[in-house]
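Trainee: Could you show me how to read salt bridges in a structure, going one step at a time?

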Amino acid sequence: RWLRQHECVEKLNMHAILSASAGQEQLLTELLVTYAKVPVLIGELISVEIWKHKIFPVLCRLEDFKPRSTFPIYVVLHHEASIINLLETVFFYKEICDSAEDSILDLIDYCHRKLTLLAARSANGQTAVLVSPQELQKQAETMEFEISLKALSVLRFITDQVESLPLSALTRMLNAHNLPCLLVELVEHCPWSCREAGKLKKFENGAWHVVPPEDQVKMTKLDGQVWLALLNLLLSPECQRKYHFDGFNKSQLLKLRAFLTDVLIDQLPNLVELQRFLSHLAVTEPAPPKKDLVLEQVPVIWDHILKKNAGKWEAIAKHQVKRVFSPTEEELKLQARRWAQTYSLDMIEALAPDKPRCGVCGVEAAKRCSRCRNEWYCTR
């Protein structure tokens, strides 16, 4: 049953990417809103996150667990990436954000946990990696990093709707998690950028690229997401009324002035308003936040799952070893056929950023060999 659900999520994710690239994602967003599936996706996202923290390490410690294939475990790890990618694609729309209802608080908490991982990565020079089998260790580490970057985009889309978010969501972002200061950390340390062998490398479109000298001051999409989130959180009148500009928060925010260069502002002119706000903040003492919220909603999905399964994690892991992660050879073949249908070559090629090239002359190719299905060519 879970595998069928994963296949559906994977197909939805691929359909969303293709629809977005063609500018036709409106139908998918309407269906997700009509059938109230956004809270379901958020619940599933947090369930897999908890599985990674509570069940996966137990699986790896079991001495008698020697699966024929680690691919079923990889599918569960990849499930989180598929859901966050789908949410990133559709959360651009206000209707999707509104349809999340109370689960938006859980999604805000999820994004905060992922951004904290990013900030820790940049501060320590490494990511806290879950204990994993050797063959999955690198994939798990890379996947966690990419998931965190997707969560950054989702959070930025949520901040686009600050005027219509529930008051509890604003309080959660500004006071419970202090997201403005966390975003300042990301601007300061920039975990999607590093120097290797004297060359600047930046992470973009799912891979690390060496940046030529003439493009080193160019703003990446990830840089833009952080700055836009800061603009939304700091310049909104409602956020300014609720945020506590105490000594620490003020000193952290004023660090941004060093990064607001003319080159950066030329690329994102809206940052002029932020520069003006920070200059004003430096010479004034903002009024303390007005506390007008007596009853506050809290996220429930994470706590509900933890309380429901407290003390059962090892038993759950052993049950999953027997029923899920130790398939017979016939079951593996059946699963492989189903995965092959889900991840069809045509669909994967449509999602690929680079068009196929002719094996002879190297120009963009439109025809593929009907025998091997690997080689491409431009003409007969």
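Mentor: Let us begin with a single side chain: Lys-114 is buried, because its relative accessible area is 1%, where buried means under 20% relative accessible area, exposed over 50%, and partly exposed in between (1.4 Å probe, protein chains only). Please keep in mind that this is a predicted model, in which local features need pLDDT of at least 70 and side-chain atom pairs count only at pLDDT 80 or more, while totals for chains, interfaces and linings use all residues. Residues are numbered from 1 along each chain as its sequence is written, and side-chain values use heavy atoms, with hydrogens and water left out.

Trainee: Which side chain meets Lys-114 in a salt bridge?

Mentor: The general idea is that side chains of opposite charge can pair when their charged atoms come close. A salt bridge is counted when a side-chain nitrogen of Lys or Arg is within 4 Å of a carboxyl oxygen of Asp or Glu. Here, the partner of Lys-114 is Glu-144, at 2.6 Å from N to O. Glu-144 lies in helix H8 and Lys-114 in helix H7 (residues 104–124), so the pair ties together parts that are 30 residues apart in sequence; helices are DSSP runs (H or I, at least four residues), numbered from the N terminus.

Trainee: Is Glu-144 buried or exposed?

Mentor: Glu-144 is buried, with a relative accessible area of 9%.

Trainee: How many salt bridges are there by this rule?

Mentor: The count comes to 16 salt bridges. In another pair, Lys-150 meets Glu-88, with the closest N and O atoms 3.1 Å apart.

Definitions and conventions. Helices (H or I, at least four residues) and strands (E, at least two) are DSSP runs, numbered from the N terminus.
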